[in-house]
There are 2 protein chains.
Amino acid sequence: MKENPFPHFPAARGHSAKRTSILEAAARVFCREGFTGANIDLIAAEAGVSRQTVYNHHGDKENLLLAVIKDITDRSNAGLFATLATFPDQPKDLEAELIAFAVRLNQNCICSKDGKFLRKLIESEGERNPELFAGWRDEGPLKTWSALAARFARLAYSGHLEIDDPDVAARQFLALINADLQLQAMFGEIATDEQIRSAATNAVRTFLRAYRPRVEKPAPAHVSA
Amino acid sequence: MKENPFPHFPAARGHSAKRTSILEAAARVFCREGFTGANIDLIAAEAGVSRQTVYNHHGDKENLLLAVIKDITDRSNAGLFATLATFPDQPKDLEAELIAFAVRLNQNCICSKDGKFLRKLIESEGERNPELFAGWRDEGPLKTWSALAARFARLAYSGHLEIDDPDVAARQFLALINADLQLQAMFGEIATDEQIRSAATNAVRTFLRAYRPRVEKPAPAHVSA
DNA sequence: ATAAATTTAGACACGCTTGTCTAATTCGTC
DNA sequence: GACGAATTAGACAAGCGTGTCTAAATTTAT
């Protein structure tokens, strides 16, 4: 209601700074303690803000949770699709480029603070808010899978890969990427760059052993040996 | 204190039945609502028991959570190692037997009610009880990985597979097994037998494309072509 | 410097949950 | 049928968390 009806100026500077810090603190606390376990006083304290300010910005607790999820979702999706755009469509060195892509995917999307928060929040609260879960699934994993599947299909068409079902290949690629990192992801620990690189290397090596064409260059005509 | 000091009879029949039903209900509610969100009245109601009985059996709420986790962990580990024992050590049809093994693993351990409960409980409460998380990790995933890695190493030694790092192969096998089921697992839905079989087939097919020996039978001498 | 908007600390009512206690009731056994 | 153990319903105090309110202090823009 009292947000800022007309934008003579987008918002007071301290105002939006506090809004941000509230959302960040709330995300941390919701993740750590769960919705019911998170208490507003703690969120306010971690945000360096008074309790009343939290209520001024976001109404009640339920609303705050939704704001947190929307905030993280938006940022997370932006990062995700920016990263997907760097997929190696016309690779010179497929293995190296896929590894680099996998590293980016892990760093920017899956192992990032946002990515982990979002997954844990959805997993904790999804059972109580089915439409929340459905929305996340449709906009997150399902879109990721289908986008990635399209890229892999292209690589198959251009003869770089030999793939029966691109959707399966996409899911397997993502599963392999995380095979070595799942345990760390479950706890608070953030994966080292070295660990991420190693995980990506292992994953891509196996993925390519499975999906690299077995006969040399059965490519579609316009690629000549 | 008032459990049953001497076992003239192990415990009243209704007594242990109620204990079981309390643990089951508590597991459900803790999973659904989180530790703080779970309330004893609800657990008692779902167990078909009075609130006081819950306190009689398990002291306070914290204690009840520990009892639930211990209960599920024990059952879960028993199933896990029973299933691991059915690994195809001397396969005639490696692909078929690995698929069957993967199906058993998913049905008995990963997609089972206990498996899902345990994972969600640990993920929710692990951050607040580090030793809980550590115990689960050491007894669950780490042991699974190492047991599975040993089996794969054996298959590699006998020439059925060509594996650089058996630990990596084991993690990748498990990751592939779940690639198609992760989303369903996150929600309440239980995977169909058909889905589990299909997921296992996809996984094993890819796994074997990656790890089956490329040159025919470079086996260790005693296997003759 | 002044006026408007925002933030703050604190107090407050209200509801819910935990854990205990008691007295009545049911259950299993002899 | 009678006994003891377990279970039950209900009341209860104490603590905590939410959300509201007020009056003072602080920030921001004019």
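Start with helix 9 of chain A: A:Val168, A:Ala169, A:Ala170, A:Arg171, A:Gln172, A:Phe173, A:Leu174, A:Ala175, A:Leu176, A:Ile177, A:Asn178 and A:Ala179 are buried. Buried means under 20% relative accessible area, with a 1.4 Å probe and protein chains only. Helices are DSSP runs of H or I, at least four residues, numbered from the N terminus.

A word on the source. This is a predicted model; local features need pLDDT of at least 70, side-chain atom pairs count only at pLDDT 80 or more, and totals for chains, interfaces and linings use all residues. Residues are numbered from 1 along each chain as its sequence is written, chains are lettered from A in the order written, and side-chain values use heavy atoms, without hydrogens or water.

Back to the helix. Twelve of its 14 residues are buried, so helix 9 of chain A is largely enclosed by the rest of the structure. What covers them? The cover includes helix 5, helix 8, helix 10 and helix 11 of chain A, together with helix 9 and helix 11 of chain B. At the start of helix 9 of chain A, a side-chain oxygen of A:Asp165 comes within 2.9 Å of the backbone nitrogen of A:Asp167.

Now the largest cavity. A cavity is a set of points, on a 1 Å grid over the protein atoms alone, where a 1.4 Å probe fits but cannot get out; lining residues have an atom within 4 Å of a point. The volume here is about 70 Å³. Helix 1 of chain B gives the most to the lining, with four residues. Among the lining residues are B:Glu24, B:Arg75 and B:Phe117.

Conventions:
Buried means under 20% relative accessible area, exposed over 50%, partly exposed in between (1.4 Å probe, protein chains only). Helices (H or I, at least four residues) and strands (E, at least two) are DSSP runs, numbered from the N terminus. Contact means heavy atoms within 4.5 Å. A polar contact is a pair of N or O atoms within 3.5 Å; within protein, one must be able to donate a hydrogen and the other to accept it, and residues adjacent in sequence count only if both atoms are side-chain atoms. On a 1 Å grid over the protein atoms alone, a cavity is a set of points where a 1.4 Å probe fits but cannot get out, and a pocket is an open set with protein on both sides within 12 Å along at least five of seven lines; lining residues have an atom within 4 Å of a point. Grid points are joined across faces, edges and corners, and a volume is the space filled by probe spheres set on the points.
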